[in-house]
Amino acid sequence: MSLESAEALSFKKQYIVFFAVMLLVMMIYLARLWYLQVLCGQFYRYQSENNRIRVEDVVAPRGIIYDRNGVPIVENRPAYDLMIIREDVKDLNGTIEELARLCECNPSDLFAVLEANKSTPKFIPLRLVSDIDRDCLARVESELIRLPGVEIVIEPKREYNWDGTAAHLIGYLSQITEGELKSGKYPGYYPGEDIGKVGVEYGFEKYLHGVRGHRQVEVDAVGRRTRLLEEQPPVAGHDVWLTIDMDVQRTAESLLEGKAGAIVALDPNNGEVLAFASSPTYNQEKFIKGLSEHDWHEMAKDPGHPMLNRVCGAAYPPGSTYKPLVALGALQSGAINPSTTFLCPGYLSFAGRQYHCWRKGGHGTISVERALMQSCDVFFYHTGLLMGVDRLAEYVKMFGLGAKTGIGLPGENPGLIPTSAWKRRATGHPWEKGETISISIGQGYDLVTPLQMAVAYGAIANSGKLWRPFVVKRIEGMAKGEVQAAGPLLKLEIPVDPRWFALVQKALSEVVSDPRGTAHSLYDPAMPLAGKTGTAQVVGLGRGKAGVNNKDDAWFVAYAPASDPKICVAAIVEHGGHGGSAAGPLVKQVMAAYLKSRHEPAQK
Amino acid sequence: MMDRRLIENFDWSIIWVLSAIMCIGLLSIYSAVYTQIQARPTSNLFVKQIVWLAIGLTLMCASLFINYQRLKAVSPWLYGMIVFLLAAVLALGRDVHGSKRWLEIAGFQFQPSEFVKIIIIIQLAGYFSSQEVANFPRIRKLIFPVMLTIVPVLLVLAEPDLGSAIALAAVAGSMILFVGVRWRYLAIVVLTIIPLAMPMWQRVLKPYQKQRVLILLSPDRDPLGAGYHIRQSKIAIGSGMLWGKGFLKGTQNKLHFLPEKQTDFIFSVWAEEWGFVGCAVLILLFGLLIFLVLRIAARSRDRFGSLIAVGVGGLIMWQALINIGMVLGLLPVVGIPLPFVSYGGSSVIALCLAVGLAENVSMRRYVFQSH
């Protein structure tokens with residue numbers, strides 16, 4: 001090895017530099033430690049012993065939910081929670097007994113909270129009782145000085161101005177679960193926070209929730225706050241303006257009282273949902289204090305299924321309300337024309353079976369316009385057979401059936417519009433022609449939600465514009481169009497000739513205005529409405545159990561005024577019987593409420 | 001069996017120093033997770049850390065049987081594998097608090113970002129000890145090692161794990177500097193980066209983008225502002241005074257002022273209970289450990305071995321210096337564990353393997369004379 005190359009491969013200097021750097025930094029660190037621990041040690045020791053610092057969360061108030069006219073539906077109120085910091089409590093058992101006495105509750109409930117949080121560090125405040133009432137608050141407040149480690153925190157909680165109103169639309173709040181925290185869908189959320197579980201509270205959670213604040217406080221030896229060091233106030237959630245009209249909503253709900261069913265009203269010109277009523281409903285207040293297991297079971301067992309969202313979460317056979325869509329598809333596809341007639345003797349014989357018309361005596365020779373007006377089943381049996389299942393489905397789906405409407409609420413039911421391919425996939429059997437007969441009058445496999453029917457009739461009312469329904473008109477601080485789920489969206493211009501729309505619109509008017517129409521009882525020259533009745537058999541849906549009301553589901557879907565539609569309403573009354581008499585009057589009254597309130601907006 | 005000469009050259013002093021540091025770590029973790037230990041005496045982070053240390057030491061011993069010289073040949077494969085794993089973390093990793101650092105293989109979760117540090121040491125040592133690379137190499141010989149470093153650094157940064165990325169860059173950078181970089185090149189690098197980076201930061205990025213970059217790089221920033229952790233850490237350290245409050249007597253560490261007191265802020269737990277004296281002992285132990293590792297480097301007759309030991313020394317030194325500097329409030333808060341003290345399986349195992357490499361070099365320091 002030459003001297004030069006040995007030099008080139010030696011690291012002597014580097015070791016010295018390396019080690020010198022390390023020693024230098026070590027010296028700086030030791031000097032820093034000397035400064036902190038010896039020179040300032042007394043100061044920090046005092047800080048750590050006499051003043052302890054705690055970080056408290058400050059819950060942000062959620063955004064307020066208003067109706068379209070600015071009437072607050074859901075607001076916030078202060079709720080008082082009783083907290084305990086075990087570390088600061090001298091006599092834990094005695095304190096708990098005392099608190100139970102003051103709050104008039106069972107001490108074992110309070111001990112249960114301690115037991116459940118045994119592994120939580122002792123300095124972390126535990127929520128003993130949430131949302132205590134005013135009397136309890138007053139009693140605890142006056143004794144607070146004697147009870148170190150006990151404190152009362154104020155948190156905003158939801159206040160429902162009409163408890164249970166639009167509950168399925170608005171939804172309720174409940175504590176975030178461990179699974180939801182882990183899911184990654186709620187970044188920045190803490191255990192114990194409330195989140196929206198269904199409805200608008202869920203769908204618009206990220207706007208409504210707000211940002212929690214923090215408070216850094218100094219506490220003394222018994223845990224009392226001595227100084228506020230730093231505060232980052234919470235940011236309230238964005239207020240949300242719904243599209244619904246409280247007057248119309250309340251009318252719809254009162255009409256459904258004591259019945260199971262749904263009423264949904266839309267503006268057919270843009271898809272705004274004006275009313276969203278599902279009955280029976282539930283009380284959102286119940287969820288605030290935390291639903292007990294007992295309450296939950298009670299609700300789950302309730303035969304009326306109050307938690308079920310019947311507007312868009314449940315699907316029903318559409319019955320005769322399906323016929324206008326079949327008629328439009330048949331006319332557009334050329335399967336029939338306005339002068340095509342069929343003979344209705346009261347039944348149709350097909351493949352050795354008789355398919356009945358609802359009117360035993362039959363309708364005689366009948367064309368499409370009168371078949372709609374009088375809801376002739378046999379006419380549509382023929383029409384359906386001429387079209388075939390797949391062509392029928394193709395047209396009907398253009399009106400949004402068989403798919404989610406995109407309203408932006410969780411748990412939407414897509415319904416079902418069968419095709420031959422679907423049946424082979426789902427059951428393994430080929431499609432049978434007899435089944436086409438059932439589906440052409442909205443029976444058999446056909447399933448729709450009331451919301452879908454309202455959207456489809458809205459499209460009939462405005463001659464082919466299919467609007468996506470939506471429930472949020474505006475979100476505070478958000479520009480128009482910034483929130484995709486809010487605001488109108490034209491989904492499709494349905495490619496059906498305006499002549500056929502005009503014909504079907506005329507027929508739907510005659511359903512009410514013509515003395516032979518199936519809903520003539522609703523006729524009122526002051527408010528001309530156009531619509532279609534429906535009576536859907538529930539046999540085979542698993543609902544027709546012994547001892548229960550076995551009547552058919554009653555439908556009525558309509559829009560008004562017939563010449564210049566401003567509102568489109570779909571109503572279903574489960575086991576209501578005939579659509580014209582059971583559902584029709586409800587629709588009419590909802591329309592009347594809306595057309596009236598357009599002139600004089602609602603007051604709380 | 002092992003050659004007797006191999007055992008003779010085993011550096012026992014390193015093991016004593018290492019054991020002392022590990023004991024300090026265990027005492028601190030015991031104190032930090034004391035409430036957890038009381039609630040679950042058999043299943044807590046203290047017990048888990050003992051398991052990690054045992055696994056780490058076992059793997060360290062096992063690794064001694066393999067001659068480190070053989071690593072030269074396999075290191076490109078190791079490098080390829082770890083880059084693949086780092087990419088896999090980004091694609092499949094478990095998301096914790098907005099960053100993906102963990103990979104699960106056969107039920108075991110580990111952080112590839114801890115292991116990449118050793119592999120980059122071996123890879124760079126191999127490159128710089130190859131025939132044609134002398135000290136103070138020409139610039140084209142530096143392009144390859146710089147590229148070797150940048151790829152994993154960017155992957156780790158993308159997780160995002162700023163702490164590990166800095167440690168990785170610091171280790172690789174100090175190895176490159178150790179081999180020697182001509183002043184000219186250093187000047188060129190500094191003079192090109194500064195004028196490029198400043199306008200990038202100030203003009204091209206909008207304020208909210210800067211904020212996003214900052215949040216991205218350090219997702220666990222306290223909502224009360226970055227000063228909060230440091231302030232609490234300082235109270236904990238300072239209140240320890242000269243002799244400390246005594247084992248399990250710390251009050252700061254009982255409050256939940258630091259979410260990760262058993263990992264990145266473990267030093268402040270130690271400082272509160274053992275005071276300046278305890279801190280000085282710990283810092284001197286680290287100094288001694290690094291000195292012993294460097295002594296192995298200096299004694300080795302093999303350039304590859306020397307460079308490995310230098311890398312291992314650098315790794316321990318940078319991690320310790322950055323961690324303690326951050327806890328003392330002298331450096332910004334980035335997530336870097338204190339070697340052998342902080343809780344964490346991947347970190348403990350990777351660092352044990354690193355010390356094993358240094359011992360490996362020590363044991364075989366004369367073996368090459370005979371060749």
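Which residues in α4(A) meet which residues in α5(A)? Here are a few notes on this predicted model, starting with that contact.

1. On the α4(A) side, the residues are A:Ile96, A:Glu97, A:Leu99 and A:Ala100. They meet A:Pro107, A:Leu110 and A:Phe111 in α5(A). By type, the residues of this contact divide into 6 nonpolar and 1 charged, with no polar ones.

2. Now the geometry of that pair. Helix α4 of chain A covers residues 92-103 and helix α5 of chain A covers residues 107-116; they pack at an angle of about 130 degrees, and their axes are 9 Å apart. That angle makes α4(A) oblique to α5(A). As for handedness, the crossing of α4(A) and α5(A) is right-handed.

3. Moving on to a sheet in chain A, you will find 5 strands in the order β12-β11-β22-β21-β20, forming an open sheet with antiparallel pairing. At its edges stand β12 (273-279) and β20 (530-536) of chain A, each with a single partner strand, so one side of each has no neighbour in the sheet. From one strand to the next, the twist averages 5 degrees.

4. Within the sheet, have a look at β21 (residues 553-560) and β22 (residues 567-573) of chain A, which pair in the antiparallel sense over 7 bridges. If you want a place to begin, A:Tyr559 has A:Cys568 in β22(A) as its bridge partner.

5. Finally, a helix joins the picture: α19 of chain A (residues 450-461) packs on the sheet and touches β11 (261-266), β21 and β22 of chain A. The direction of α19 makes about 145 degrees with that of β22(A).

Terms used
Residues are numbered from 1 along each chain as its sequence is written. Chains are lettered from A and ligands numbered from 1 in the order in which they are written. This is a predicted model: local features need pLDDT of at least 70, side-chain atom pairs count only at pLDDT 80 or more; totals for chains, interfaces and linings use all residues. Axes are lines fitted to C-alpha atoms, for helices over the stretch in contact, and angles run from 0 to 180 degrees between N-to-C directions. Helices (H or I, at least four residues) and strands (E, at least two) are DSSP runs, numbered from the N terminus. Angles under 35 degrees count as roughly parallel, over 145 as roughly antiparallel, 65 to 115 as roughly perpendicular and the rest as oblique. A crossing is left-handed if the near helix is turned anticlockwise from the far one by less than a right angle, and right-handed if clockwise. Two residues are in contact if their C-beta atoms, placed from the backbone, lie within 7 Å. Ala, Val, Leu, Ile, Met, Phe, Trp, Tyr, Cys and Pro count as nonpolar, Asp, Glu, Lys and Arg as charged, and the others, Gly among them, as polar. Two strands pair if DSSP finds at least two bridges between them.
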